Amino acid sequence: MMTTRFLLAALLLTTLCGCSQSDRLRQILAEGEISVISRNSPTTYYLYKEGAAGFEHDLAQLLAEELGVSLRMETAYTLEGIYRSLEREQVDLAAAGLSLTEDRSEQFRHSVAYASMVPRVVYRTGNRRPGGLDELDDLHLVVLAGSSHEQALQALAEEAWPDLRWESVAEADTMELLERVDNGSADLAVIDSSEFRMQQSLYPMLAVAFDLGPEQDMVWYLPPGPEYRGLQRRVDQFLTRLQEDGSLARLWEQHFGHTTVLTRIGSHTFARNIRNKLPAWRELIRQVANEYQLDWQLLAAISYQESHWEPEATSPTGVRGMMMLTNPTAKEMGVKDRLDPLQSLRGGARYLKDIRRRLPRDIHEPDRTWMALAAYNIGLAHLEDARVLTEGRGGDPHLWSDVMAHLPLLQKREHYRTTRYGYARGGEATRFVQNIRHYYSILQWQDLSADQPGPPLNPEDYLPLALQDKRFLAL
């Protein structure tokens with residue numbers, strides 16, 4: 001009797017444990033956290049001045065919010081690393097701009113498609129542009145190892161192009177491929193259309209030679225086990241709802257459909273805005289600059305770079321106002337209404353002063369201000385990464401000219417993978433600072449010109465005609 005009861009209890013306990021372990025979604029809800037793996041790249045996931053950013057991160061964050069749990073992001077630096085984490089059930093989802101292929105669908109669970117892309121062969125303008133696979137000849141083609149593009153090339157080689165050759169690069173970031181084509185170490189690269197559109201501004205000499213194949217679906221992948229069936233259904237419902245209510249399209253447009261703020265404005269445009277817009281804000285800018293002991297021309301230059309002196313300016317990413325403050329920064333700086341010009345200017349001035357105060361004491365002016373501006377745009381953590389890179393490559397981390405030369409390296413995989421905080425838009429931060437310096441110098445020159453004394457007076461012009469030809473003696 002005791003043995004029977006013990007066996008029944010053990011069977012019941014095993015059944016209960018099996019039920020709890022067979023539904024990963026329930027575990028996520030109970031634990032309060034979902035883990036997502038992605039690539040560290042500008043199109044997927046990276047750290048920005050206000051925290052994590054990237055299309056895949058933001059989409060995963062929406063899922064976490066809908067589930068009422070926190071999001072834990074993990075980074076993989078190879079595609080194989082992503083799939084290995086899924087096989088070992090170390091993560092719940094892979095959100096990394098991955099296309100749907102037959103091989104992958106046989107190995108892993110996957111979501112419904114949430115976007116699409118076209119595989120494109122990219123070349124450097126000025127070199128020979130092939131029109132198709134039959135024109136590759138001895139051109140050096142590179143592709144990401146383990147990618148759907150590599151699988152497509154393998155299939156093409158087996159079916160109709162036995163002489164097709166390429167080099168597989170064991171990276172998870174297409175920037176490595178673009179860099180190779182740009183510097184001439186490769187002739188061609190296969191890149192997703194969305195990633196190339198996002199990164200083309202970094203490599204203006206690169207262009208599309210031809211499309212490798214038809215449009216492909218992009219999906220999220222899950223581990224293969226049956227316990228992930230419930231999570232798969234919930235993810236499908238989530239993505240379907242976002243597609244139907246337009247949220248997914250808006251998020252895609254926010255990340256990929258808009259051009260960033262112009263980095264170089266013509267001198268005539270700036271001069272016109274000085275004449276037409278600045279007079280309405282000059283005294284307010286002077287007032288706030290005096291309050292925070294800043295040059296008013298510097299504050300004016302920053303606000304022009306940020307909003308073109310438009311108090312109701314709004315960017316696709318949600319920063320707003322004259323100084324284009326994010327919500328977290330506005331709250332931290334005590335700004336209740338970002339569209340109020342006075343509050344916005346005060347918030348931006350206070351934020352800049354706070355950053356400048358937190359820089360190492362051995363960074364002196366004017367380099368201190370330029371580096372503070374870079375951190376204003378990119379964050380103190382990424383600025384410090386750039387300073388470490390600068391020192392490691394023989395530069396002076398206390399000089400803006402040296403740090404400026406190394407900031408764009410934060411966009412290069414071979415460099416940002418060695419830094420503490422990873423990928424960052426270093427080139428954008430550099431342009432941000434240099435534009436402000438340009439505007440600042442023009443505004444300073446205008447003020448100096450207005451305050452300069454006129455040419456010395458000629459006394460003869462003021463003498464009566466009867467005295468103009470006379471000579472005078474003085475004691």
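Which strands does helix α6 (residues 148–159) lie across, and at about what angle to β9 does this helix run? In this predicted model, for which residues are numbered from 1 along each chain as its sequence is written, local features need pLDDT of at least 70 and side-chain atom pairs count only at pLDDT 80 or more, whereas totals for chains, interfaces and linings use all residues. Side-chain values use heavy atoms, with hydrogens and water left out.

Helix α6 lies across β8 (119–124), β9, β10 and β11, and runs at about 130 degrees to β9. Helix α7 (residues 175–183) lies across β8, β9, β10, β11 and β12, running at about 150 degrees to β11. Contact here means heavy atoms within 4.5 Å, and helices (H or I, at least four residues) and strands (E, at least two) are DSSP runs, numbered from the N terminus. Axes are lines fitted to C-alpha atoms, for helices over the stretch in contact, and the angles between N-to-C directions run from 0 to 180 degrees.

These strands belong to an open sheet of 5 strands in the order β10-β9-β11-β8-β12, with mixed pairing, two strands being paired if DSSP finds at least two bridges between them. The edge strands, each of which pairs on one side only, are β10 (167–169) and β12 (206–211). Neighbouring strands of this sheet are turned against each other by 35 degrees on average, direction ignored. Within the sheet, β9 (residues 141–144) and β11 (residues 188–192) pair in the parallel sense over 2 bridges, and V142 stands opposite A189 in β11.

A search of the whole structure finds 22 salt bridges, a salt bridge being a side-chain nitrogen of Lys or Arg within 4 Å of a carboxyl oxygen of Asp or Glu. One of these joins the side chains of E195 and R39 (2.4 Å, N to O), and this pair links distant parts of the chain, with E195 in helix α8 (residues 193–199) and R39 in strand β1 (residues 33–39), 156 residues apart. Both E195 and R39 are buried, where buried means under 20% relative accessible area, exposed over 50%, and partly exposed in between (1.4 Å probe, protein chains only).

A salt bridge also connects E167 with R180, the closest N and O atoms being 2.9 Å apart; E167 lies in strand β10 and R180 in helix α7, 13 residues apart. E167 is partly exposed, with a relative accessible area of 27%. In helix α17 (residues 380–392), E384 and R387 lie 3 residues apart, about one turn of the helix, and form a salt bridge whose closest N and O atoms are 3.0 Å apart. E384 is partly exposed at 36% relative accessible area, whereas R387 is buried at 8%. R24, E31 and D92 are linked in a network of salt bridges.
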